[in-house]
Amino acid sequence: MKAAVWHGREDVRIEKVNDPPDPPPGQVQVEVEWCGICGTDLHEYLGGPLYIPLGRPHPLTGVQAPVIIGHEMSGRVVALGDGVTELAVGDRVAACPIVGCLACRWCRSASMAQCDRVAFLGTSWTGGALASRLNLNAYQCYRLSDAITDEIGALVEPFSATVRAVAQGKVSASDNVAIVGAGPIGLMALMAARIRGAKRVVAVEVAGRRIEAARTCGADDVIDPSREDPEKRARELTDGDGFDVVIECAGQPATILMAGRLTRTRGRLVIMGVFDKPAALDLTDIVYREKVVSGSMSGYGLYDETIRIMTDPRFRGDVLITDRIELDALIARGYHGLLHEKDRHVKILVRPE
Ligand SMILES: [Zn+2]
Ligand SMILES: [Zn+2]
């Protein structure tokens, strides 16, 4: 079969690889329908390896580069390993990328994403979703309802991460919420906050097309820090308080500093951005105003809820999916589109053959 294989930095090849073997006990074989390109895929391409084991096997799976990449997938179950009873051949599923050791305190307390030895589909697992087929643990597969198309199914993984972030921020009906950065994750966080019932959701963004997308996705207001003082505008929009919840989705030193300041006294700052290096918050401000800061990284455990939420009409998959490509176009059209026409694209879906 054909697959996208990461060999090294700026060296991702579309090449022929062996088909996966029959699924071992506890696993299923899935034929991939669609796989989304994620920001972390671009990080691995340009600046990797970040999570891909290079030169030493992954402690849990033994996998190391070259690896088949891709983790935001929908597909169809085509074969069952021994002992799998919860899935059937023909089931349409979305996959959770997290594979834990099953033995540590985190794995045993339904927090597998926090496992110190965690492996991840598309970086350290035996298969990746930018290929026709792969084997997955049955527990990684979540059945898609008929109301969710295969395309939307490929958005379950990234959207689940934002469902987790708004839960982490305890967003409620009385909350003013700010989303800093209206890229793919920011737009999804915006929709997740709206569907959860936030009083008002405000996007903080400078790029024109992204501002428009944020409005289409239901932002009540947009703050453009290149044109106005964001803290002053935040106070105007929130009766002088600042935001009850701020979700940082940009991963830049300037945006995290600002996100902290936009958070009200005793408000909640949730950080989803992925940072290239350590970045600063105004810690005196955090201390004096008793702001709560947390990270949020995976929608593990929230997949069924996420799939249910995605049938809400306020979930706008049509705004999120900006291109659909074949596997052969991954670099030229997929990566380059996301890197060089950033404002035009949100999610690009790839269809392996
Ligand atoms: Zn992703
Ligand atoms: Zn574990």
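**View 1. Strands E14 and E15, side by side.** Strand E14 (residues 243–248) and E15 run parallel and are joined by five bridges. Strands here are DSSP runs (E) of at least two residues, helices are DSSP runs (H or I) of at least four residues, and both are numbered from the N terminus; two strands pair if DSSP finds at least two bridges between them. This is a predicted model, in which local features need pLDDT of at least 70 and side-chain atom pairs count only at pLDDT 80 or more, while totals for chains, interfaces and linings use all residues. Residues are numbered from 1 along each chain as its sequence is written, and chains are lettered from A and ligands numbered from 1 in the order in which they are written. Look for phenylalanine 243, which stands opposite threonine 263 in E15. E15 is mostly covered, with seven of its nine residues buried. Buried means that 20 or more other C-beta atoms lie within 10 Å of the residue's own, exposed means 12 or fewer, and partly exposed is in between, with C-beta atoms placed from the backbone.

**View 2. The surroundings of isoleucine 247.** Leaving out residues up to four places away in sequence, isoleucine 247 touches Ala165, Gly169, Val177, Ile179, Val180, Ala189, Val270 and Met272. Touching means contact here: the C-beta atoms of two residues, placed from the backbone, lie within 7 Å.

**View 3. The largest nonpolar core.** This core has 105 residues, and those with the most contacts inside it are Leu130, Ile179, Ala189, Leu190 and Ile247. A nonpolar core is a set of buried Ala, Val, Leu, Ile, Met, Phe, Trp, Tyr and Cys residues joined through C-beta atoms within 7 Å. Helix H4 (residues 184–196) gives the most to it, with eight residues. Domain 1 (2–155 + 310–351) and domain 2 (160–295) both give residues, so the core lies between them.

View 4. The C-alpha centres of domain 1 and domain 2 lie 28 Å apart; the domain bounds come from an automatic or database domain assignment. Each side has a share in the contact: 13 residues from domain 1 and 13 residues from domain 2. On the side of domain 1 that touches domain 2, helix H1 (39–47) and helix H10 (317–320) are the elements that give two or more residues. H1 gives the most to that side, with three residues. By class, that side of domain 1 has four nonpolar, three polar and six charged residues. Ala, Val, Leu, Ile, Met, Phe, Trp, Tyr, Cys and Pro count as nonpolar, Asp, Glu, Lys and Arg as charged, and the others, Gly among them, as polar.

**View 5. The open sheet E2-E1-E4.** Three strands line up in that order, and the pairing is antiparallel. Strand E2 (11–16) and strand E4 (67–68) are the edge strands, each pairing on one side only.

**View 6. Lysine 277 in its loop.** Lysine 277 lies in the loop between strand E15 (263–271) and helix H8 (283–288). Lysine 277 counts as exposed because it has 5 C-beta neighbours inside 10 Å. From lysine 277 to glycine 127 is 150 residues in sequence and 29 Å in space, C-alpha to C-alpha.
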